[in-house]
Amino acid sequence: MACRTSCKSGLGLLPRAASSSSLSSGTRVASPSSLLRSRRIAVATTPQQQIRGIHATLQCRQQQQTDKSSGGESSSSGGGLSWLTQRFKEAAGSTAQPYLVYRTTERLVKACASKADYKISSEERKAGTVKQTADGEEIGTGGGMWHDDFHLLPTFSTWAHVTMLHMYLLVVRLRALDKDAHHTWQSQLVDHFFHQAEDKMDVEHDMGSRTMRQRYLRDLFVQWRGLMLAYDEGLARGDAVLASAVWRNLFKARDDVDVRVLAAIVSWMRLSLMRLDQIKDEDLPLLAEGAFKWPAKSELLLVDLPARGLEGAETVKR
Amino acid sequence: MSGATRNVAFKQFQRALERWPKDPLRPDCQLQDVLAKRLEKDSILPSKSAILSSASREEAELKQANALFSLLENRYKTKYRITDHLLKPKSNPTYYTDIIRELEEAPTRSWLTRVAKKLGGIVRFT
């Protein structure tokens, strides 16, 4: 039967490395004609392509069942279907799938970027009345915790730093994947962020010149690398160092920083990392965003608890 | 009474800043130096805080000092513990120890070592 031949030739094309030995027993070298018949089965060389290479008609499954039983595999008790579900589970669990990684990182960056999002109205732009800081940064309108409760201006750099802070926490979690998966995830995450940053420059700040955007993106990249190093140092050393890092990066080393807010942000960072720590690798695509659900301002309650070193602590009301 | 509490807040703030860790890599940009400037001014509160009554001002100032102490005592590091799963990550188990070592060595390097490291870092094999 055509299916049997094509399935066998398809199976012959699947790599032996990642899978059980039962496959090799039922296969033979694919002839060109069988390859033509089995066009839908891609030449599978990577685990990702194996998924596309799985030909899942009922006849095929039955064929696989007979192949498996003749090959002497003894693992499953459910028949040919369990082989298929096992392969799907392996594929779904493998965190190096490029398309899943692309979609997930895009969704994660969008979620991170929405925390301190801001807009510059087109009326203001046309009238030329966009507010600016003393350094010449354009101020838009935003809302939410980072702008209102933590007194950060709704500018591009606030948006970028809040997004990079969230991304940093994800990167710490992603380091716990194996080397290749970590590299894939982190590079995709960073790529999406820089695409969105350039988009923001173009749309909100009317920066049509590509050279200018590239210049700011280069600065942003240097800030991203510096920020990762500083936060890593804070993570390894202690809360005071982490607070200094947050002050230098997020608050741009300004004079009128509120120490309670710094402490709340440090507390929230460690809480989010603890939550991310508890998520298993295969659950990351679904559950990573949920680690940020607890808002940082709720940590102010913990910050205000009397510290051991503080004398006159009884006057600090909770 | 209010004056005494305010003095307490100022003293605590000063004590906390003295205990703050020094950063050899960024000598010009230290949080404790910037915060110490507030001790010379009237208030240790950030300038953007709302105008408060004197009692709530003292309380707010004490809260600022309290926040500094909470950071110094590593309250959040001990409360929200992170396991070795993140601190010795699978992709590079010595990542954080390497970073701390690099950061400790960096201020003590000579110009020649720095140039050599920069050139060495240009070539990447992995």
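What share of the contacts in chain A between residues at least 6 apart in sequence join residues at least 24 apart? I looked this up first, and the value is 62%. A reminder to myself before going on: this is a predicted model.

**Entry 1: chain A overall**

I counted the elements of chain A and found 16 helices and two strands. Of its 318 residues, 51% are buried.

**Entry 2: where chain A meets chain B**

I turned to the interface next. On one side 56 residues of chain A are in contact, and on the other 50 residues of chain B. The area buried between the two chains is about 5100 Å², with carbon and sulfur atoms giving 61% of it. I asked which residues of chain A lose the most area to chain B. They are D239(A), V259(A) and D277(A), which together make up 12% of what that side buries.

For polar links, I noted 31 residue pairs in polar contact between chain A and chain B, counting pairs with both residues at pLDDT 80 or more. The elements of chain A that give two or more residues to this side are α10, α11, α12, α13, α14 and α16. Of these, α14(A) gives the most, with 11 residues. Sorting the residues on the side of chain A by type, I got 27 nonpolar, seven polar and 22 charged.

The rule finds four salt bridges across the interface. I looked at one that joins K63(B) to D304(A), where the closest N and O atoms are 3.8 Å apart. A salt bridge is counted within 4 Å, so this pair falls inside the cut-off.

**Entry 3: S70(B)**

Is S70(B) buried or exposed? S70(B) counts as buried because its relative accessibility is 0%. Setting aside neighbours within four places in sequence, I found S70(B) in contact with A263(A), A307(A), R75(B) and Y76(B), so my list holds residues of both chains. The side chain of S70(B) reaches the backbone oxygen of A67(B) at 2.7 Å, and a polar contact of 2.8 Å joins the side chains of S70(B) and Y76(B). I also checked S70(B) against A16(B): they are 54 residues apart in sequence, and their C-alpha atoms are 9.7 Å apart in space.

**Entry 4: T158(A)**

I went back to chain A for T158(A), which is in helix α10. T158(A) has a relative accessible area of 5%, so I put it down as buried. Its side chain reaches the backbone oxygen of L153(A) at 2.6 Å. Beyond its neighbours within four places in sequence, T158(A) is in contact with H147(A), L152(A) and L153(A).

**Entry 5: salt bridges**

In one of them the side chains of K200(A) and D117(A) meet at 2.7 Å, N to O. K200(A) belongs to helix α11 and D117(A) to the loop between α7 and β1, so this pair ties together parts that are 83 residues apart in sequence. K200(A) is buried at 11% relative accessibility, whereas D117(A) is partly exposed at 32%.

Another joins D281(A) and R173(A) at 2.6 Å, N to O. D281(A) lies in the loop between α14 and α15 and R173(A) in helix α10, so parts 108 residues apart in sequence are tied together. R173(A) is buried, with a relative accessible area of 1%.

In chain B, R109(B) forms a salt bridge with E102(B), and their closest N and O atoms are 3.2 Å apart. R109(B) is buried at 16% relative accessibility, while E102(B) is partly exposed at 33%. I then traced salt bridges that share partners, and they join E233(A), R237(A), R248(A), D23(B), R26(B) and E104(B) into one network.

**Entry 6: positive phi**

Last, I checked backbone angles. Most residues other than glycine have a negative phi, so I wrote down the following cases. D206(A), in the loop between α11 and α12 of chain A, has a positive phi of about 55 degrees. D206(A) is exposed, at 53% relative accessibility. N74(B), in the loop between α3 and α4 of chain B, has a positive phi near 55 degrees. N74(B) is partly exposed, at 24%.

Conventions. Residues numbered from 1 in each chain as written. Chains lettered and ligands numbered in written order. Predicted model: local features only at pLDDT ≥ 70, side-chain atom pairs only at ≥ 80, totals over all residues. Heavy atoms only, no water. Helix = DSSP H or I, 4+ residues; strand = E, 2+ residues; numbered from the N terminus. Buried < 20%, exposed > 50% of the residue type's maximum accessible area, 1.4 Å probe, protein only. Contact = heavy atoms within 4.5 Å. Buried area = accessible area lost by both parts, 1.4 Å probe. Polar contact = N/O pair within 3.5 Å; in protein donor to acceptor, adjacent residues only side chain to side chain. Nonpolar A, V, L, I, M, F, W, Y, C, P; charged D, E, K, R; others polar.
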